[in-house]
Amino acid sequence: MDLKQLLRRKIVVLDGAMGTELIARGHKGALEQLNREAATVVESLHEEYLKAGADIITTNTTCADALSLKEWGLEGDSYELARVGAEIAVRAKNKYSTTENPRFVAGAVGPTTRNISLANDITEMQLAEVYSQVVSGLIDGGVDLILIETAMDSENVRVAVEQTRRLSADIPIIVSTVLSRLEGRVANGATIEKFLENIPLEECFAVGFNCSMGDKQLEAALRRLAAVSKKPIVAYPALHQPQEATNRFVKSLEPICRGGGLNIVGGCCGTTPSHIEALAKMAARWRPRKIE
């Protein structure tokens, strides 16, 4: 069963946070370095999310691009850390994936530290190489899809998608952007509709939102997204506050699931295996948004 078939059958569950959960467990510095120096730690967390009911787990590579790694003097290790991160997640997936309950690995690609629309210290060609290194590592490591997440700049997304397609003609690409505090707008100030116009939407498997957003803001944004795109829709918000109760987090997403507005649901910053376990039980009660 491929991912699209699974999306027609159920609301697919994405895992919770990797970064904040690793930090909560005492890890510091370049968390992507753990892929190389503490693989069992990363694999164990992947397995916790799989046991909790996640259908898709995300690699520990959101900041594995050379621009983000530069702070730690690791900019030359982008490809390796991405590849190893992918291999770790694939090992964990293979322990839990079955014919009836397939699991998938999403290669996480973060926004880097530059928005190409505003930056004056990097060229598009240089940014393309940054994305190429991390995406090629993820693909060589065996991921099932690429997740371009926490997107701030549609131009960054365009470059990331183009580099992914250069490396693979058919790997599914999910793009997830961050909402602005202004209703109906994403982080760079564009309307949701304009953001979609400015990215290679035809190359995207699914689109949606992650990270910071309020319940009502998210519901309104998802309605606008559904009105202009027939692509599968994903939402994985962060906790409203660090110690938000699990039931509060799940209840905030249930109206959207109940209304048939989502295909993929999960958690971003602050969410734990416990949040995902409760989310998976809730999502199983509702039908997914219809897709072609």
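**Note on helix packing and salt bridges**

1. In this predicted model, helix α8 (residues 154-167) packs against α7 at an angle of about 50°, and the two axes lie 9 Å apart. The crossing of α7 past α8 is right-handed.

2. The contact between these helices involves residues from both sides. From α7 come Glu124, Leu127, Ala128, Tyr131, Ser132, Val135, Ser136 and Ile139. They meet Asn156, Arg158, Val159, Ala160, Gln163, Thr164, Arg166 and Leu167 of α8. By type, the residues of the contact of α7 with α8 are eight nonpolar, five polar and three charged.

3. Next, the charged pairs. Side chains of opposite charge can pair when their charged atoms come close. Searching the whole structure gives 20 salt bridges. Among them is the pair formed by the side chains of Asp144 and Lys93, at 3.2 Å from N to O. This pair links distant parts of the chain, 51 residues apart: Asp144 sits in the loop between α7 (124-140) and β4 (145-151), and Lys93 in helix α6 (residues 78-96).

4. Lys93 has a relative accessibility of 11%, under the 20% limit, so Lys93 counts as buried.

5. A salt bridge also joins the side chains of Asp121 and Arg114, with 3.1 Å from N to O. Asp121 is partly exposed, its relative accessible area being 48%. Arg114 is partly exposed too, with 25%.

6. Glu193 and Arg224 form a further salt bridge, in which the closest N and O atoms are 2.9 Å apart. Here again distant parts of the chain are linked: Glu193 belongs to helix α9 (residues 192-197) and Arg224 to helix α10 (residues 215-228), 31 residues apart. Glu193, at 23% relative accessibility, counts as partly exposed. Arg224 is partly exposed as well, with a relative accessible area of 31%.

Notes: Residues are numbered from 1 along each chain as its sequence is written. This is a predicted model: local features need pLDDT of at least 70, side-chain atom pairs count only at pLDDT 80 or more; totals for chains, interfaces and linings use all residues. Side-chain values use heavy atoms; hydrogens and water are left out. A salt bridge is a side-chain nitrogen of Lys or Arg within 4 Å of a carboxyl oxygen of Asp or Glu. Helices (H or I, at least four residues) and strands (E, at least two) are DSSP runs, numbered from the N terminus. Buried means under 20% relative accessible area, exposed over 50%, partly exposed in between (1.4 Å probe, protein chains only). Axes are lines fitted to C-alpha atoms, for helices over the stretch in contact, and angles run from 0 to 180 degrees between N-to-C directions. A crossing is left-handed if the near helix is turned anticlockwise from the far one by less than a right angle, and right-handed if clockwise. Contact means heavy atoms within 4.5 Å. Ala, Val, Leu, Ile, Met, Phe, Trp, Tyr, Cys and Pro count as nonpolar, Asp, Glu, Lys and Arg as charged, and the others, Gly among them, as polar.
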